[in-house]
Amino acid sequence: MKLSLSSKVFAMLLSAGLVAGCSSTGEPMEEGQAAGSDVEAINQEGGATVYDGADGDGGVSSTAMTDEERQAAQEEAEQSRQAALRDVTTFYFDFDTSEIKPEARDVLIAHARYLADNPREDVRLEGHADERGTKEYNLALGERRAKAVQRFLIVNGASRGQIETVSYGEEKPAVRGSSESAWAQNRRVELVFE
Amino acid sequence: MTHRHAFRTTFARFRLLVWLAVFLVSAGSARAELLIRITEGADSAVPIAVVPFAESGNMPAGDSVSSIVQSDLAMSGEFRPLQPSKMLSLPSKRSEVYFRDWRMLGQRYLLVGSLNRSGDQIEARFELFDVNREERILGETASAPASNVRSLGHHISDRVYEAITGNAGVFSTKLAYVTVTGAGDNIRYHLQVSDVDGKRTRVRLESDEPILSPAWSPDGKRLAYVSFETGKPVVFVHELTTGQRRKVADFPGLNSAPAWSPDGKSLLMTLSRDGNAEVYEMDMASDQITRLTDHWAIDTEGAWDHTGRGIFFTSDRSGGPQIYHMDRPGAEPRRITFGSRYNARARPGPEGDYVYYVHQRDSSFHIARTNLSNGQESVITRTESDDSPSLSPNGRLLIYATREGGNSVLTVVSADGGAAYSLPAAEGEVRDPAWGPITR
């Protein structure tokens with residue numbers, strides 16, 4: 001239950017994040033009006049919790065804003081967007097692979113930026129596998145997943161000294177059971193900020 | 001010699017019909033023992049009559065020596081002991097044996113004996129007969145402290161098994177395995193050691209973090225295993241008599257998959273200290289490590305072959321995990337398995353004829369073996385989420401972890417996939433079985 005909820009939130013944040021990513025690179029107002037379907041999608045999916053500040057700022061009086069104000073608002077919006085992305089700390093993998101899924105990239109980049117901006121913060125990457133196959137191979141697979149995430153974070157600005165990896169293999173499933181959905185939720189890397 | 005040959009002929013026709021269910025019964029919080037129940041008889045297992053031994057002096061309460069021998073022989077899947085209630089007489093020595101009676105009952109072999117208590121010791125005299133030939137095959141005495149009748153029973157079972165089959169018996173050997181109970185903050189892992197019939201369980205390590213991959217030293221005195229008690233996988237070696245433990249590998253990254261060399265002087269293990277999972281050998285006297293594999297892929301689950309010179313290991317260098325063999329450390333690895341996309345955790349047979357491993361077929365995981373002389377692969381288990389195969393030291397039986405009806409069990413099958421019995425967990429999970437060596 002808990003997991004399916006968090007993966008729903010995960011999907012929601014991702015779609016929200018991708019849409020926001022588009023609009024912030026274009027002309028905010030016109031783009032927003034033209035691409036009406038995108039805006040609606042945000043509202044429908046409860047984007048309000050994620051976009052509180054940004055929606056309000058954008059909607060009220062962008063024409064009246066000075067460049068500085070606009071920049072500040074954009075930064076603030078960007079910061080809250082990043083913070084919202086960073087609510088997601090679990091990343092999922094396909095069976096017997098350690099490839100980071102495309103939809104995980106924005107969130108991991110947000111984590112990497114946070115680590116780059118906060119050099120005193122540390123993170124532990126916990127790699128896991130589902131129960132299928134052998135325990136020792138799964139231990140190595142969990143490590144390879146954690147290391148794939150570690151590399152991604154480093155490439156995007158985090159430093160090696162901030163990141164510790166540990167593999168639990170199949171020993172600590174997030175969800176008990178032998179169903180495809182349990183397995184999917186157990187093949188994961190969790191970011192744990194100390 | 002001749003009856004051995006005759007036995008083997010019978011064994012060749014042996015079918016998978018023995019099912020012994022063994023139930024784990026909780027007897028106090030830390031101790032739990034296994035009870036055996038035969039639920040189906042073997043069709044072509046060899047009939048043997050184990051006559052209840054005559055007794056003089058006080059015998060300890062609990063299972064009698066002859067009943068221990070009976071259940072051992074049944075458990076092997078190779079014998080079908082006669083129920084004592086069907087016996088026409090209860091001889092305890094040769095002069096009391098009427099072979100005609102036993103032939104009438106369809107018995108091939110007959111074991112008789114007597115127990116005599118003197119002080120703290122119990123002495124057993126026992127004789128084994130070939131019923132058709134009316135010959136005595138074995139006549140021996142053995143003794144043990146009264147507190148240790150199970151060891152006496154297992155010893156007699158070993159002697160009988162050896163005399164008839166020509167193979168070493170494994171009834172006196174031990175199993176190590178891990179049980180998991182509770183969940184969340186209350187989860188507990190226990191490393192346990194028991195007799196092969198599941199009796200006389202002793203907890204050797206309790207932890208709230210995972211314990212896995214127990215491996216017996218060849219002398220049976222030490223267990224190597226992986227423990228997460230410090231928050232990451234670390235390899236320990238544990239002296240069973242003293243309870244003393246030593247961290248042997250605590251490098252950054254993985255420290256896992258311990259496997260002893262046949263001489264007990266070194267340990268294979270998987271480390272990722274140099275970047276990714278590779279197989280290393282550690283000398284136990286000097287703690288010096290030597291890297292044996294070198295590939296960007298996962299290399300793990302090293303195991304010495306029967307020569308003690310080459311190793312099997314798992315590598316996913318071809319894209320998915322497969323079994324490889326190196327004739328000697330550093331030699332070019334040769335791929336052994338091709339039958340499916342997932343084959344891992346090799347366990348070589350003691351004769352060097354077969355290698356056993358976890359094998360994925362469709363969406364299920366079984367135990368399979370490959371004949372090393374012709375490369376032929378056969379799946380030997382019918383269960384579907386199988387892991388952690390471990391061979392008995394005589395190569396006749398294989399124990400592995402699996403699920404039956406949603407329950408976690410250890411299952412024993414004959415190495416060709418025949419007879420089986422199971423050791424279910426009373427609660428929670430039982431996993432990672434390791435069959436101990438013959439230590440006589």
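## A short tour of the two chains

Select B:Val237 to begin: directly opposite this residue, in strand E15 of chain B, is B:Arg246. Please keep in mind along the way that the model is predicted.

Now widen the selection to residues 234-239 of chain B, which form strand E14. Strand E14 is joined to E15(B) by four bridges, in the antiparallel sense.

Next, bring in the whole sheet. Four strands of chain B make up this open sheet, in the order E12-E13-E14-E15, and their pairing is antiparallel. Color 211-216 and 245-249 of chain B to see the edge strands, E12 and E15, each of which pairs on one side only. On average, neighbouring strands here are turned by 25 degrees against each other, direction ignored.

Let us move to where the chains meet. Here 28 residues of chain B are in contact with 16 residues of chain A. On the chain B side, the elements that give two or more residues are E12, E16 (255-260), E20 (299-304), E24 (343-348) and E28 (387-391). Sorted by class, that side holds twelve nonpolar, eleven polar and five charged residues.

For the last stop, select residues 105-117 of chain A, which are helix H6. From first C-alpha to last, the 13 residues of H6(A) reach 18 Å, close to the 18 Å expected. Which residues of H6(A) are buried? They are A:Val107, A:Leu108, A:Ala110, A:His111, A:Ala112 and A:Leu115.

Note on methods
Residues are numbered from 1 along each chain as its sequence is written. Chains are lettered from A and ligands numbered from 1 in the order in which they are written. This is a predicted model: local features need pLDDT of at least 70, side-chain atom pairs count only at pLDDT 80 or more; totals for chains, interfaces and linings use all residues. Two strands pair if DSSP finds at least two bridges between them. Axes are lines fitted to C-alpha atoms, for helices over the stretch in contact, and angles run from 0 to 180 degrees between N-to-C directions. Two residues are in contact if their C-beta atoms, placed from the backbone, lie within 7 Å. Ala, Val, Leu, Ile, Met, Phe, Trp, Tyr, Cys and Pro count as nonpolar, Asp, Glu, Lys and Arg as charged, and the others, Gly among them, as polar. The expected span of a helix is 1.5 Å times one less than its number of residues. A residue is buried if 20 or more other C-beta atoms lie within 10 Å of its own, exposed if 12 or fewer, and partly exposed in between; C-beta atoms are placed from the backbone.
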